[in-house]
Amino acid sequence: MLREFTDYNQAQRLVDSLSDDKFPVEHLRIVGLGVRTEEQITGRMTKGRAALAGAAGGAWFGVLFGVLIGLFAPGAIWLTVILGSVAFAAFWGAAFGFVAHWATRGKRDFASIQTIKADRYAVMVDAQYYTEARNLAEKI
């Protein structure tokens, strides 16, 4: 281990500085220590909210599909193709979102965002490059 930090940005700065000094950074690793997952609850998930989220996802898919198909449509019909694709995909996205949430039978009635966090970060270096990295890091 070359150095240990409490903040990822500090570890990143060390690697960046070594890179600036032309050190072969492909022999470095930033390793998170004391890793855990955290889940931030963002709100209650209802069947309506699940249907709305499904409709939004479906609409994006519909835009993509509509644009791809619309490129080959003659004249002004391309707009009709895009709008039709968006409506069709949004409807089915809403239906699938509703059914998927309904199928959980209330076992997960909330929305959340999961993240991975670490207590500290170690900059590790391959053994054959340790002395060179240590000498450069001491100058920083």
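Helices (H or I, at least four residues) and strands (E, at least two) are taken as DSSP runs and numbered from the N terminus. This is a predicted model, in which local features need pLDDT of at least 70 and side-chain atom pairs count only at pLDDT 80 or more, while totals for chains, interfaces and linings use all residues. Residues are numbered from 1 along each chain as its sequence is written, and side-chain values use heavy atoms, with hydrogens and water left out.

**The loop between helix 1 and strand 2**

- Lys-22 is found in the loop between helix 1 and strand 2, and its phi is near 65°, a positive value in a residue other than glycine.
- On the accessibility scale used here, buried means under 20% relative accessible area, exposed means over 50%, and partly exposed lies in between (1.4 Å probe, protein chains only).
- Lys-22 counts as exposed at 71% relative accessibility, whereas Phe-23 is buried, with a relative accessible area of 4%.
- His-27 also lies in the loop between helix 1 and strand 2, and it is buried, with a relative accessible area of 17%.
- With contact taken as heavy atoms within 4.5 Å, and not counting residues up to four places away in sequence, His-27 touches Met-124, Val-125, Asp-126 and Tyr-129.

**Aromatic pairs**

- Rings of Phe, Tyr and Trp (its six-membered ring) are paired if their centres lie within 6.5 Å, and planes under 30 degrees apart count as stacked, those over 60 as edge-to-face and the rest as tilted.
- By this rule the model holds six aromatic pairs.
- In one of them, the rings of Phe-23 and Tyr-129 have centres 6.1 Å apart and planes at 85°, so the pair is edge-to-face.
- Because Phe-23 lies in the loop between helix 1 (8-20) and strand 2 (28-33), and Tyr-129 in the loop between strand 5 (120-125) and helix 4 (130-138), the pair ties together parts that are 106 residues apart in sequence.
- Tyr-129 counts as partly exposed, at 22% relative accessibility.
- The rings of Trp-92 and Phe-96 have their centres 6.1 Å apart and their planes at 40°, so this pair is tilted.
- Trp-92 and Phe-96 are four residues apart in helix 3 (residues 77-103), and are therefore separated by about one helical turn.
- Trp-92 is partly exposed, with a relative accessible area of 39%, while Phe-96 counts as exposed at 59% relative accessibility.
- Phe-88, Phe-91, Trp-92 and Phe-96 are linked into a cluster by ring pairs.

**A charge over a ring**

- A charge is taken to sit over a ring if NZ of Lys or CZ of Arg is within 6 Å of the ring centre and within 35 degrees of the ring normal.
- Arg-105 lies over the face of Trp-102, at 4.8 Å from the ring centre.

- Two strands pair if DSSP finds at least two bridges between them.
- Three strands form an open sheet in the order 1-5-2, with antiparallel pairing, and its edge strands are strand 1 (3-5) and strand 2, each of which pairs on one side only.
- Axes are lines fitted to C-alpha atoms (for helices over the stretch in contact), and angles run from 0 to 180 degrees between N-to-C directions.
- The twist averages 25° from one strand to the next.
- Strand 1 and strand 5 run antiparallel and are joined by three bridges, with Arg-3 standing opposite Val-123 in strand 5 and Glu-4 opposite Ala-122 in strand 5.
- Strand 2 pairs with strand 5 in the antiparallel sense over six bridges, and here Val-31 stands opposite Ala-122.
- Helix 1 lies across strand 1, strand 2 and strand 5, and runs at about 170° to strand 2.

- Ser-85 has its place in helix 3, where it is buried, with a relative accessible area of 12%.
- A polar contact is a pair of N or O atoms within 3.5 Å; within protein, one must be able to donate a hydrogen and the other to accept it, and residues adjacent in sequence count only if both atoms are side-chain atoms.
- A polar atom of the Ser-85 side chain lies 2.8 Å from the backbone oxygen of Val-81.
- Leaving aside neighbours within four places in sequence, Ser-85 is in contact with Gly-62, Phe-65 and Gly-66.
- Thr-46 is in the loop between strand 3 (36-44) and helix 2 (47-70), and is partly exposed, with a relative accessible area of 33%.
- The C-alpha atoms of Thr-46 and Gly-62, which are 16 residues apart along the chain, are separated by 24 Å.
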